[in-house]
Amino acid sequence: MAYSNAATDKLYGLLPAYIREKDTAEGEPLRGLLRVIERQLDAIDGDIRQLQEDAFIETSEPWVIPYIGDLVGTIALFDESQVRDGDTATELFTDLEGPNLHAPIALRARADVAKTIYYRRRKGTLPMLEELARDVTGWAAHAVEFFELIGWTQWVRNHLRMYAPRTPNIRSVERMDRLNRAFDEIQHTVDVRKVSQSEGWYNVRNIGFFLWRLNAYGMHAVDARPLGAGGDYRYHFSPLGNSAPLFSRKRPEGDESGLATELHVPQPIRPPRFYEDLKAYGASALPKLGFTNFYGLFEAFPGFNIAPAPSLMVFVDGQPVPADAVRCHDLSVWTQPDPATVTIDVKLGRLALGQNFVPTQNVEVYYHYGFPADLGGGPYARRAWLSKLSLAEAVYVVDKSGVPGKFATVTDALNQWAGDGGPDAIIRIGDNRTYAETLTIDVQPAKGRRLAIEASDGCRPHLRLTGSLAIQGDRPDFTLTIGGCLIEGSIDLQGSLYRLRLLHTTVVPNVSIAEPDPNLPTTPITVSSPSLTVAGGAANMELRVEIAFSIVGGIRMPEHAAGLFALDSIIDVFGAAAIAGVGAADAPGPPVHLERCTVRGTTHVRQIDLATEVIFDGVVTAERIQTGCVRFSYVEPKSRTPRKYRCQPGLAERSEIEAAQAKSTVPLTDAECDAIRARVRQRIHPEYTAEQYGKPAYLQLFLLGSPEIATGAEDGSEMGVYCHLKQPQREANLRLRLEEYLPFGLEYGFIYST
């Protein structure tokens, strides 16, 4: 890349022309010397400039934030500067854009300090408390004064309460559906219990903070999945063919009162609310806007208005389905609607087309789905995790736009790559479409040493494989990277590589979660193949499999491989082997290095070099226990591992036995110690909000689960894959701020809606 002399040779350009000419004749030694001096001057100039910027909270370095906070008298919160998760990703993935490969953490210390004076001027008001909760935690929040929802006996002569009557209207399905939820408007009797997640809400002194931990991820121009073989009126919004609720899009601000409404939080769209939304649109005056609160265009289209904050939209054969034709319907039992209508089940994410809308080409959908974190293939920002373009000799762009120069399929791009001799290349997929293909990658004849198949930033293409992604060829110096993709199928490494990497990718556990056609005979459920199988024998002795921020099923690798590295990922084959060897049923897998992972299923490996903040939801067997360690993790009892440090339930067992021994005058018997261990093990074990992949709260720790697991990581956050979210710290930060801003005499409670 060429640089302007004015930008890089500022000192050299100040010299007289005859000196520069003489320097050029002698091989430019003076230019080289002045460039070294110039770099140091630039560093000093940048440091001086940063000193000026450090005087302002908006532009200061992170280390300056506590000092500015001290000037306004605010107590420092736990923020990302205190996160010590290590730089393993930066060390492993040196060929990515970077430079920061840490997970984004929504701990808003900068915003908290910047708005301190703003908060204090509005101290004690409900909109301010709600805004504080959003800013401090990074979650969507809604504050409710529960005493406003208590049924009062009116004193008509004095202190008449002039709000609208809140006697339950049992004829309104939509209002009754909000009962005991965040946006409930019905009066309640007093509940004197302490306010908590599920009780003690309605009392005179109580304020509730409803919090939404799941995010709503917007999917644009996705190929709807037909049920079964397709060809009729039945479709799923999810390209995987599973039922999952559609989420409403998160909007940044509340209503005119300053409080959030149901339209401002990311949560599953309630069918009664969607029904009323469409009903109100049908009754609206002409000319109609063309969109509702939930349904409308995400992007410009001739003849239609763009919705301000749409949550879903349907296209049939390239044409948008108008809001007038859309109906809310329960499609738990598939039924075809009237010919001129399209029915949507927002609870199950299903779509039924009337006869006039049955496609001849395709059905595209725009929608939002819920998930706890930026994990697996997803339409979130991950520019830092893209491969460096400077290291690629060729870039092949894949999408279904039909633009000349772009490839319509991944197979076409791979064929072109092979035809070009297999250079160092990137195959970049630029949309969210489904690519139903049979993929085979032969690395043997490639002249380059790296190939990346990755989605563009903000995209999540769906690779629907016929069989498996086969990787052939013996190249122990070759690196294959797959990034940002949603893979329905498995990966079969038949040859040998140096590195195979899965970055922000989902290889669907159990291969497929598509629902069968209820009108066809069901087939017996069989044990699914692993997500990744690596050839053994004499091959892959130098292979390193590196997984980061990904979701995969079972992994089968030979014992002699260099290692398996997994960071912030899920390996899910509950009830079977999650990590194991190849060949014999009891063959161990390679050495593993795991950080902040959730492993569901048994683990049988040669050795564990390091496992930190991991949930092993299955028995672990390491052949060698003289090396390595397991720290701040949950390890299933009866596991065989190297030395453990502050792992559960062993740590709690020892604490309980020591406490019982301190109260006893005689030594505890073995039977008594075993009884204590059994009691602790029954209490401390992983529990999840949802265990099936495809559910919004997939492997999110259950709220009423073991606190030893929920706060058992090194810095007090939760063990497992969602450790990087720092959810206990977010809640602790909010508690700290409410001690300052909550009005005297009131009590608060946190209620997690998702």
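**Close-up 1. Strand 17 and its parallel partners.** Strand 15 (residues 440-442) and strand 17 run parallel and are joined by 3 bridges, with D442 having Q472 as its bridge partner in strand 17. Strands here are DSSP runs (E, at least two residues) and helices likewise (H or I, at least four residues), numbered from the N terminus, and two strands pair if DSSP finds at least two bridges between them. Strand 17 (residues 462-472) is also joined in parallel to strand 14 (residues 434-437), over 4 bridges, and there the partner of Y435 is L463. With strand 19 (residues 486-493), strand 17 pairs in the parallel sense over 7 bridges, and L463 stands opposite I487 of strand 19. The model is a predicted one, in which local features need pLDDT of at least 70 and side-chain atom pairs count only at pLDDT 80 or more, while totals for chains, interfaces and linings use all residues. Residues are numbered from 1 along each chain as its sequence is written, and side-chain values use heavy atoms, with hydrogens and water left out.

Close-up 2. Five strands, in the order 4-5-10-9-8, form an open sheet with mixed pairing, and its edge strands, strand 4 (225-226) and strand 8 (326-328), each pair on one side only. Strand 8 and strand 9 (residues 342-345) pair in the parallel sense over 3 bridges, where V326 has V342 of strand 9 as its bridge partner. Helix 11 (residues 271-283) lies across strand 8 and strand 9 and runs at about 145° to strand 8; axes are lines fitted to C-alpha atoms, for helices over the stretch in contact, and angles run from 0 to 180 degrees between N-to-C directions.

Close-up 3. An open sheet of 4 strands has the order 3-11-6-7 with antiparallel pairing, and strand 3 (215-223) and strand 7 (319-320) are its edge strands, each pairing on one side only. Strand 6 (residues 313-316) pairs with strand 11 in the antiparallel sense over 4 bridges, and F315 has E364 as its bridge partner in strand 11.

**Close-up 4. The contact of helix 9 with helix 16.** The axes of helix 9 (residues 126-137) and helix 16 (residues 727-741) come within 9 Å and cross at roughly 150°. The contact (heavy atoms within 4.5 Å) is made by M128, L129, L132, A133, V136 and T137 of helix 9 and by R730, N733, L734, R737, L738 and Y741 of helix 16. By class, this contact has 8 nonpolar, 2 polar and 2 charged residues, where Ala, Val, Leu, Ile, Met, Phe, Trp, Tyr, Cys and Pro count as nonpolar, Asp, Glu, Lys and Arg as charged, and the others, Gly among them, as polar.

**Close-up 5. The largest cavity.** The largest cavity has a volume of about 330 Å³, a cavity being a set of points on a 1 Å grid over the protein atoms alone where a 1.4 Å probe fits but cannot get out, with lining residues having an atom within 4 Å of a point. Grid points are joined across faces, edges and corners, and a volume is the space filled by probe spheres set on the points. Of the 27 residues that line this largest cavity, S238, Y369, R460, Y693 and G694 lie nearest its centre, and the largest share of the lining, 5 residues, comes from strand 11 (residues 363-371). The lining of the largest cavity has 16 nonpolar, 9 polar and 2 charged residues.

Methods: On a 1 Å grid over the protein atoms alone, a cavity is a set of points where a 1.4 Å probe fits but cannot get out, and a pocket is an open set with protein on both sides within 12 Å along at least five of seven lines; lining residues have an atom within 4 Å of a point.
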